[in-house]
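The sequence and structure come next.

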Amino acid sequence: MYAYLQSLLQQRQQSALYRSRQIHNSSQTPILQIDGQNYLAFCSNDYLGLASHPRLKAALQQGTEKYAVGSGASHLVTGHSQAHHALEKELAAYTGRERALLFSTGYMANLGIVTSLLGRHDAVFLDKLNHASLVDAALLSRAKIERYPHNNMQALERLLEKSQAQHKLIITDGVFSMDGDVSKLPEMVELAKTYQAWIMVDDAHGLGVLGNTGRGTLEKYGLGENDVPILMGTLGKAFGVFGAFVAGSELLIETLIQTARSYIYTTALPPALAEAARASLIVAEEEAWRRQHLHELIKHFRLAAADFPLMPSITPIQPILLGSSEKALAVSSALYEQNILVTAIRPPTVPQGTARLRITLSALHDKHQVDELIEALKEVLNV
Ligand SMILES: *Cc1c(COP(=O)(O)O)cnc(C)c1O
């Protein structure tokens, strides 16, 4: 076995695909301390800067005092506390749906939803750039997997047209996690109606950020439950906590409670995290300046970065396309030398030949820090 593992790792190293972890020793903010030095980071998904918010920390502490640390059991045994239940009600209200169901992570939510709804006589339609958890969910469901090129609605229509499957489910990211662009939801909803397909949106990167009130990609497009009956969101990104949920009708949620294996056969999220997420929903609503400031930073960055190979994106995910993994790593290391942290994203996370710097902005950055990044990029990229 070890000889085999050695050769696997060597291959990764030779093709500049080896990954290693940075150990930071500081609060989750744009300034991260690594080996005693401060780095200005543009890597986190904490888009609203809520992970370090005092009200969330206080809610977590009070939740721990009241409920203990662990939840003790799965939701269907004795793990389902009032904190979880209240959060589910608040998530349902937040998304304007009948009900919501908490999962421990977004990855597990996706596995649970898709495997509950589909079986071997069904088909699932995925964008080539959908998140890995959606691909794994589709594989695990045993439905026929139909993948179309990124955002190509004609290709999706051709696949839907010729599908003989009993049930058809279209699944898309609301905002694509490594590209930052937004899915073509209105067209997709029309196709779903025409071809009697169901539709599910994973809005991990849209919720809290897009739309006038931060309700995500659906709000941006003015779409509701009639258009998109299955909405999945995470609590570990813009909401700054941990966990995930699906929101939809009473029938959908009851079905998932009865059948979603990644819901049933796992320990419930610690209740204190549910309390922190409840606080987060309130703060995300009350402190609308966070979203406004974030969108100003995005505009500011795009104007200043116009000469870089920027990818089209209106979201806090602002990738710079570099091509080879070697180049992406070299640029990331050169920035690191200047105490700026931006992760190089390489295959298989993104397609071959599209390695990139994935820059993410947060409400905790200021314009000055964005300018610092721009100056460093100019020097490193030679533009
Ligand atoms: C992060 C992410 C997930 C997984 O969510 P976790 O709660 O981190 O497991 C699922 N889908 C998308 C699009 C994501 O970006």
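A polar contact is a pair of N or O atoms within 3.5 Å; within protein, one atom must be able to donate a hydrogen and the other to accept it, and residues adjacent in sequence count only if both atoms are side-chain atoms. The model is predicted: local features need pLDDT of at least 70, side-chain atom pairs count only at pLDDT 80 or more, and totals for chains, interfaces and linings use all residues. Residues are numbered from 1 along each chain as its sequence is written, and side-chain values use heavy atoms, with hydrogens and water left out.

| Protein atom | Ligand atom | Distance |
|---|---|---|
| Y107, backbone N or O | oxygen | 3.0 Å |
| H131, side-chain N or O | nitrogen | 3.4 Å |
| H205, side-chain N or O | oxygen | 2.6 Å |

On its own the ligand has 380 Å² of accessible area (Shrake-Rupley method, 1.4 Å probe), and the protein covers 81% of that area.

The ligand is surrounded by 13 residues (a heavy atom within 4 Å); the closest are G106, Y107, D202, H205 and K237. Helix α5, residues 106–117, supplies the largest share of this shell, three residues. Helices are DSSP runs of H or I with at least four residues, strands runs of E with at least two, both numbered from the N terminus. By class, the shell holds two nonpolar, eight polar and three charged residues. Nonpolar means Ala, Val, Leu, Ile, Met, Phe, Trp, Tyr, Cys and Pro; charged means Asp, Glu, Lys and Arg; the others, Gly among them, are polar.

In strand β10 (residues 317–323), six of the seven residues are buried (under 20% relative accessible area, 1.4 Å probe, protein chains only). Strand β10 pairs with β13 (residues 355–360) in the antiparallel sense over six bridges; pairing requires at least two DSSP bridges. L321 stands opposite R356 in β13.

Conventions
Buried means under 20% relative accessible area, exposed over 50%, partly exposed in between (1.4 Å probe, protein chains only).
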